[in-house]
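Colleague: Could you walk me through this fold? I'd like to hear how the pieces pair and pack.

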Amino acid sequence: METIVLGIGETLVRDDRHWASWADWLGVPAHTLGALVGAAVAQGRDATDALRVLRPDMDVDEAYLARAAAGRGEHLDESDLYPDVRPALAELRAAGVRVVVAGNGSVRAGELLRALDLPADLVVTSDEWGVRKPDPAFFARVVEVAEADPSATLYVGDHPADDLFPAAAAGLRTAHLRRGVCGFWWAEHPDVVGAADFRVNALTELVGLMGGHRPARPAIEDGSGAVRAGRAARVSYLRGL
């Protein structure tokens with residue numbers, strides 16, 4: 001592998017502060033919101049649906065702006081990083097691997113991450129690109145910034161539908177990280193096992209994988225020969241089947 005690209009939430013950054021701050025804003029116990037997030041994930045829904053369970057009429061984007069205006073916006077510091085992040089990224093760069101952080105997040109999240117001075121060649125968020133995972137256009141941007149052939153680029157993430165499947169559809173190698181709600185819940189599902197080139201429990205395992213390759217997967221094509229997005233082909237389980 002020449003380049004490793006990592007997602008952000010529950011790959012590099014713990015999400016507990018994020019959800020606890022939302023719980024505080026909504027005036028509910030953090031455990032209540034955490035349980036609802038877990039339920040949403042188990043049903044294959046977006047985690048933010050948990051907020052709409054509590055406030056069905058809430059516009060999440062407007063609430064985000066209201067929190068920021070009230071001085072209770074996003075916060076991110078060293079304590080939010082998983083402990084394996086710095087050593088893993090430093091080892092990868094020392095091994096000559098290009099390290100890119102690219103995941104869903106706000107412009108503010110990108111600023112906060114870059115302020116942590118991570119051992120990475122590039123740190124960028126979806127809002128800075130104007131496109132979010134799992135949109136194929138996001139992974140087209142990943143291919144651009146990787147500065148390596150897709151077959152020599154590894155995308156690492158915890159979420160099957162947002163990370164694993166669309167990255168594979170873009171021709172990237174994939175590593176499923178068993179951590180966070182999504183990472184643990186879907187770790188042993190056959191679709192996840194089949195789609196992942198590697199499955200890891202910690203980022204520090206990535207250095208040992210640099211010489212390992214699985215055979216390239218054939219592209220999934222429709223009748224016109226266009227490669228389809230992998231998400232639709234592999235997420236029947238996310239609909240409760």
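Colleague: In which sense do strand 2 and strand 3 pair, and over how many bridges?

Modeller: This is a predicted model, where local features need pLDDT of at least 70, side-chain atom pairs count only at pLDDT 80 or more, and totals for chains, interfaces and linings use all residues. Residues are numbered from 1 along each chain as its sequence is written, and side-chain values use heavy atoms, with hydrogens and water left out. Strands are DSSP E runs of at least two residues, helices are H or I runs of at least four, both numbered from the N terminus, and two strands pair if DSSP finds at least two bridges between them. In this pairing Val101 sits opposite Val123 of strand 3, and the sense is parallel, over four bridges.

Colleague: What is the strand order in the sheet?

Modeller: Start with strand 1, which runs parallel to strand 2 with four bridges joining them; Thr3 stands opposite Arg98 there. Strand 1 (residues 3–6) also pairs with strand 4 (residues 153–157), again parallel and over four bridges, and Val5 has Tyr155 as its bridge partner. The six strands make an open sheet with parallel pairing, and the order is 3-2-1-4-5-6.

Colleague: Which strands stand at the edges?

Modeller: Look for strands with a single partner, because one side of each is then left without a neighbour in the sheet. Those are strand 3 (122–125) and strand 6 (198–200).

Colleague: What angle do helix 1 and helix 4 make, and which class does it fall in?

Modeller: Axes are lines fitted to C-alpha atoms, for helices over the stretch in contact, and angles run from 0 to 180 degrees between N-to-C directions. Helix 1 (residues 16–26) and helix 4 (residues 60–69) have axes 12 Å apart and pack at about 85°. Under 35 degrees would be roughly parallel, over 145 roughly antiparallel, 65 to 115 roughly perpendicular, and the rest oblique. That makes helix 1, relative to helix 4, roughly perpendicular.

Colleague: Which residues of helix 1 make the contact?

Modeller: Contact means heavy atoms within 4.5 Å. On the helix 4 side, Val60, Ala63, Tyr64, Ala66 and Arg67 take part. From helix 1 they are Ser21, Trp22 and Trp25.

Colleague: Is Glu10 buried or exposed?

Modeller: Glu10 is in the loop between strand 1 and helix 1, and has a positive phi of about 60° despite not being a glycine. Its relative accessibility is 12%, so Glu10 counts as buried.

Colleague: And Asp117, buried or exposed?

Modeller: Asp117 also has a positive phi, near 55°, in a residue other than glycine. Its loop runs between helix 6 (107–115) and strand 3. With a relative accessible area of 61%, Asp117 is exposed.

Colleague: Which residues does the cis peptide bond join?

Modeller: Pro134 lies in the loop between helix 7 (126–129) and helix 8 (136–146). Omega is about 10°, and the bond joins Lys133 and Pro134.

Technical notes
Buried < 20%, exposed > 50% of the residue type's maximum accessible area, 1.4 Å probe, protein only.
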